[in-house]
Amino acid sequence: MQHASAAVASAAVKLALRGEPFQVSDLQHELTDPPSRQTIYRVLRQLEADDWVRSDHNTWRPDIQAEMLGDIDPNPDRGRDKGMSFDAEELLGE
């Protein structure tokens, strides 16, 4: 990406969609030519205002936008056999 702010926003959203906390240094590692920390924080504050991330001191965590979009399970059948199961015929006495 040519524009530094767009590159930061893209990297931050990508990290947030993973559902894990990240720090500014993680963003800098994602970028080939990272901008100043001031630019990174400015972009993060805008993403925070738009509910993509939230600040927890020096750590950024996914917020509602990223949580909703990142919560899509690519394998919906996985884990289907887990949990409580029962035999309906046995319960109904049939």
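The two strands of this predicted model form an antiparallel pair: strand E1, residues 53–56, and strand E2, residues 59–62, are joined over four bridges. Strands are counted as paired if DSSP finds at least two bridges between them. The elements themselves are DSSP runs, numbered from the N terminus, with helices (H or I) of at least four residues and strands (E) of at least two.

Within the pair, Ser-55 has Trp-60 of E2 as its bridge partner, and Arg-54 stands opposite Arg-61 in E2. The hairpin of E1 and E2 has two residues between the strands, and His-57 there takes a positive phi near 60°.

A word on conventions. Residues are numbered from 1 along each chain as its sequence is written, and side-chain values use heavy atoms, with hydrogens and water left out. As the model is predicted, local features need pLDDT of at least 70 and side-chain atom pairs count only at pLDDT 80 or more, whereas totals for chains, interfaces and linings use all residues.

The protein chain holds five helices and two strands, and from the N terminus on the order is α-α-α-β-β-α-α. Of its 94 residues, 26% count as buried, that is, under 20% relative accessible area with a 1.4 Å probe and protein chains only; exposed means over 50%, and partly exposed lies in between.

I turn now to the helices. Helix H1, residues 4–17, packs against helix H3, residues 37–49, at an angle of about 55°, with their axes 9 Å apart. H1 is therefore oblique to H3, since angles under 35 degrees count as roughly parallel, over 145 as roughly antiparallel, 65 to 115 as roughly perpendicular and the rest as oblique. Axes here are lines fitted to C-alpha atoms over the stretch in contact, and angles run from 0 to 180 degrees between N-to-C directions.

Which residues of H1 and H3 meet? Ser-5, Val-8, Ala-9, Ala-12 and Val-13 in H1 meet Thr-39, Ile-40, Val-43, Leu-44 and Leu-47 in H3, contact meaning heavy atoms within 4.5 Å.

Finally, consider Glu-20, in the loop between H1 and helix H2 (24–30). Is Glu-20 buried or exposed? Glu-20 is exposed, because its relative accessible area is 52%. Leaving aside neighbours within four places in sequence, Glu-20 is in contact with Leu-15, Trp-60 and Pro-62. Glu-20 and Trp-60 are 40 residues apart along the chain, and their C-alpha atoms are separated by 8.8 Å.
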